[in-house]
Amino acid sequence: GPAITVQPTDITSCTTTATFNVTATGTNLSYQWQVSTDGGLIYTNIAGATSSTYTVSGLTPAQANNKYRVVVSAAGCSSATSNAVTAKVGTNPVVTLNLLPNGSYNPLTFVGLTATVNPAASYIYQWKRNNVIVPNVTTSTLTKTNGLTDEFGTYQVSATDPISGCTGVSNIVTIENNPLFANSLLVAPSPTTGLLQVTFYSNTTDVQKRSINVYDQKGARVIVKEFTVFGRYSVMTVDLTGRAAGTYTIILRDANGKSIATTRILKK
């Protein structure tokens with residue numbers, strides 16, 4: 001006689017279809033799927049549902065309490081009846097990607113991308129920049145600390161319900177350079193207690209040699225540090241730790257020593 005080795009399982013579908021499967025052993029097996037609309041008291045045969053799989057089409061929330069099972073038979077032998085299972089309709093969440101206050105930034109501006117999901121629940125997030133996955137970010141917010149330092153481009157996020165597997169995909173948000181900072185030497189934090197991030201927007205993406213020159217209030221050069229920069233923005237690090245408090249002048253020079261940009265910073 002037949003023996004069921006793999007039972008069908010409950011399904012939460014993000015579409016209007018759900019497919020049940022059963023695995024059984026025996027010879028000359030036949031299958032008949034049944035449905036109960038009263039919570040499992042009375043089952044009726046489903047016309048045409050006579051294989052090891054059965055797909056419910058046109059699934060609606062009203063069918064969430066229906067129960068399905070399959071009777072497996074072998075000619076001249078007893079039959080085996082599977083466990084009763086259900087098919088529920090899941091909902092793909094609606095994901096909205098918000099960028100505040102606008103889409104134009106310099107690399108030292110705090111940039112935050114936040115996903116709002118409806119309905120509210122615990123989701124698994126996947127972020128993409130220029131259609132490439134941003135690694136190691138599974139939360140609803142993407143900030144500079146987890147991958148958004150000077151990375152301009154298009155961003156999108158998906159949210160997946162770990163229980164139902166239903167996924168929603170957000171709108172696309174573009175982050176671009178703020179032209180107001182095109183020729184500015186940007187230093188942060190300001191004021192500082194020591195460690196600085198210095199950057200300058202370049203009109204070319206070529207590899208370039210740069211040097212940071214730091215002068216104290218008396219005009220003496222206290223730091224000179226050379227860098228090789230790549231792309232539009234490259235962050236250069238300068239450390240004033242241990243230096244006296246006061247105002248310092250920072251001059252960015254090219255490979256030939258020509259001054260490109262100047263700014264001042266307060267050391268506390």
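This is a predicted model: local features need pLDDT of at least 70, side-chain atom pairs count only at pLDDT 80 or more; totals for chains, interfaces and linings use all residues.

**Entry 1**

I started at Asn 130, which lies in the loop between β14 (124-129) and β15 (132-133). Strands here are DSSP runs of E, at least two residues long, and helices are runs of H or I, at least four residues long, both numbered from the N terminus. I looked up phi for Asn 130 and got a value near 50°, positive in a residue other than glycine. Asn 131 is found in the loop between β14 and β15 too, and Asn 131 has a positive phi of about 70° although it is not a glycine.

Next I checked accessibility. My cut-offs: buried is under 20% relative accessible area, exposed is over 50%, and partly exposed is in between, with a 1.4 Å probe and protein chains only. Asn 130 counts as partly exposed at 38%, while Asn 131 is exposed at 61%.

Residues are numbered from 1 along each chain as its sequence is written, and side-chain values use heavy atoms, with hydrogens and water left out.

**Entry 1: the whole chain**

How many helices and strands does the protein have? I count zero helices and 26 strands. Of the 268 residues in the protein, 40% are buried. The accessible surface comes to about 14,200 Å², and 50% of that belongs to carbon and sulfur atoms; the areas are from the Shrake-Rupley method with a 1.4 Å probe, and for residues only the protein chains shown count as cover.

I also looked at contacts, meaning heavy atoms within 4.5 Å. Among the contacts with a separation of 6 or more, 56% are between residues 24 or more positions apart.

**Entry 2**

Strands of a sheet pair through backbone hydrogen bonds, either parallel or antiparallel. For pairing I use the rule that DSSP must find at least two bridges between two strands. Three bridges join β8 to the antiparallel β9, and I found Val 72 with Ala 80 as its bridge partner in β9.

Leaving aside neighbours within four places in sequence, Val 70 is in contact with Val 22, Tyr 31, Gln 32, Trp 33, Ala 80, Thr 81 and Ser 82. I also checked Val 70 against Tyr 54: they are 16 residues apart in sequence and 9.1 Å apart in space, C-alpha to C-alpha.

Then Leu 29, which is in strand β5 (residues 29-36). Leu 29 is partly exposed at 23%. Not counting residues up to four places away in sequence, Leu 29 touches Pro 2, Ala 24, Val 72, Ser 73 and Ala 74. Leu 29 and Val 72 are 43 residues apart along the chain, yet 6.6 Å separates their C-alpha atoms.

**Entry 3: cysteines**

With a disulfide taken as a pair of cysteine sulfur atoms within 2.5 Å, the count comes to one. Cys 14 and Cys 166 form it, with their sulfur atoms 1.9 Å apart. The link is left-handed, with -105° about the S-S bond. The pair links distant parts of the chain, 152 residues apart: Cys 14 is in the loop between β2 (11-13) and β3 (18-21), and Cys 166 in the loop between β17 (153-160) and β18 (167-169). Cys 14 is partly exposed at 26%, whereas Cys 166 is buried at 0%. I looked up Cys 77 as well: partly exposed, at 41%.

Another open sheet has three strands in the order β20-β21-β24, with antiparallel pairing. Each of β20 (185-188) and β24 (236-239) has a single partner strand, so one side of each is left without a neighbour in the sheet. Four bridges join β21 (residues 195-200) to β24, and Leu 195 stands opposite Asp 239 in β24.

Where is Pro 189 found? Pro 189 is in the loop between β20 and β21, and a cis peptide bond joins Ala 188 to Pro 189, with omega about 0°. Pro 191 has its place in the loop between β20 and β21 as well. The peptide bond from Ser 190 to Pro 191 is cis, with omega near -5°.
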